[in-house]
Amino acid sequence: MAPFLELEGVTKRFGGVAALDAVSFKVPGGEILGLIGPNGAGKTTLLNCISGVHHLDAGSISFDGRRISGLPPHQVARLGIGRTFQVVKPFASMTVRENAAVGALFGSSEARLAPRAAFTWADEVLELVGLAPKARMTVGSLTIPDRKRLEVARALATKPRLLLLDEVMAGLNPVEVDEALEIVRKVHAGGITIVLIEHVMRVVVGVCDRVIVLHMGRFLAEGTPHEVLQDRRVIEAYLGEKYAQRAARGGEAGRG
């Protein structure tokens, strides 16, 4: 069986600098894959390549048996790949409900619905992410955590089969992180494969089946969360000795 998502030798350069250098890995359907690494490792660039924001300088990306590298973002979305962005940019003049409905109106081929049906689906995804009570509020009145929830809702409204999450838990307090974790679990339980970028190690340990580590644009390590967080290369390049000592004492795997 072909992998659900496959990257082969993915390379992306900006000027003379390789933000990604021959990165290859496969993601089976139904997995939650974590992408970790220091700032500047190429994680967001990788999601941009998958979603069609960036064109590759070398390599290829295939989704569900079809090559997607070279396709523009709207065509990638219509194949069933949804994503969030690290810097949320909702439509400020619209309500929460209208923002979510945009995904259903212009998302994947399955998601593109007539306006009435689009708003019905928007109500369902807002319920899933806990924003139903705020559906008729303007976006400007939302807190940062709620804006992140809305970002996830807009992506879900496109009815993706693969969801790319870019640091949706950055800046959240521990209670908000727990709530966001529960949303990720619910989304995954609905049959959606997830690739997520995260710096909060509690999230990585809590939901990821497998973790891939990038460093300076290159593939550094992969394995289960436990295996990766004990890898000496990962500790030296990213986590640091304090984390290693805390983990050795059985402390909480937390960072963020």
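**A look at the cavity**

Reply: Let's begin with the residues around the largest cavity: Thr-84, Phe-85, Gln-86, Val-88, Lys-148, Glu-151, Asp-166, Glu-167 and Val-168 line it. Please keep in mind that this is a predicted model. Sorted by class, that lining has four charged, three nonpolar and two polar residues. The volume of the largest cavity is about 30 Å³, and searching the whole structure turns up one cavity of 30 Å³ or more.

Helix H3, residues 96-106, is mostly covered, with eight of its 11 residues buried. Those buried residues are Val-96, Arg-97, Asn-99, Ala-100, Ala-101, Val-102, Gly-103 and Ala-104.

Helix H5 also takes part in a charged pairing. Side chains of opposite charge can pair when their charged atoms come close. Here, the side chains of Arg-149 and Glu-179 form a salt bridge, 2.7 Å from N to O. Arg-149 is in helix H5 and Glu-179 in helix H6 (residues 174-189), so this pair ties together parts that lie 30 residues apart in sequence. Arg-149 is buried, at a relative accessible area of 17%, whereas Glu-179 is partly exposed, at 37%. The two also belong to a network of salt bridges that links them with Lys-134 and Asp-146.

In total, the structure holds 14 salt bridges. Another of them joins the side chains of Asp-21 and Arg-218, at 3.1 Å from N to O. Asp-21 sits in strand S2 (residues 17-27) and Arg-218 in strand S10 (residues 218-223), so this pair ties together parts that are 197 residues apart in sequence. Asp-21 itself is partly exposed, with a relative accessible area of 28%.

To finish, here is a strand to find in the view. Strand S3 (residues 32-36) has five of its five residues buried, so the rest of the structure largely encloses it. In a regular strand the side chains alternate between the two faces of the sheet. Both faces of S3 are covered, with Ile-32, Gly-34 and Ile-36 buried on one side and Leu-33 and Leu-35 on the other. S3 runs parallel to strand S8 (residues 193-197), joined by four bridges, and Leu-35 stands opposite Ile-197 there. Four bridges also join S3 to strand S9 (residues 210-215), again in parallel, where Leu-33 has Arg-210 as its bridge partner.

Methods:
Residues are numbered from 1 along each chain as its sequence is written. This is a predicted model: local features need pLDDT of at least 70, side-chain atom pairs count only at pLDDT 80 or more; totals for chains, interfaces and linings use all residues. Side-chain values use heavy atoms; hydrogens and water are left out. Buried means under 20% relative accessible area, exposed over 50%, partly exposed in between (1.4 Å probe, protein chains only). Helices (H or I, at least four residues) and strands (E, at least two) are DSSP runs, numbered from the N terminus. Two strands pair if DSSP finds at least two bridges between them. On a 1 Å grid over the protein atoms alone, a cavity is a set of points where a 1.4 Å probe fits but cannot get out, and a pocket is an open set with protein on both sides within 12 Å along at least five of seven lines; lining residues have an atom within 4 Å of a point. Grid points are joined across faces, edges and corners, and a volume is the space filled by probe spheres set on the points. Ala, Val, Leu, Ile, Met, Phe, Trp, Tyr, Cys and Pro count as nonpolar, Asp, Glu, Lys and Arg as charged, and the others, Gly among them, as polar. A salt bridge is a side-chain nitrogen of Lys or Arg within 4 Å of a carboxyl oxygen of Asp or Glu.
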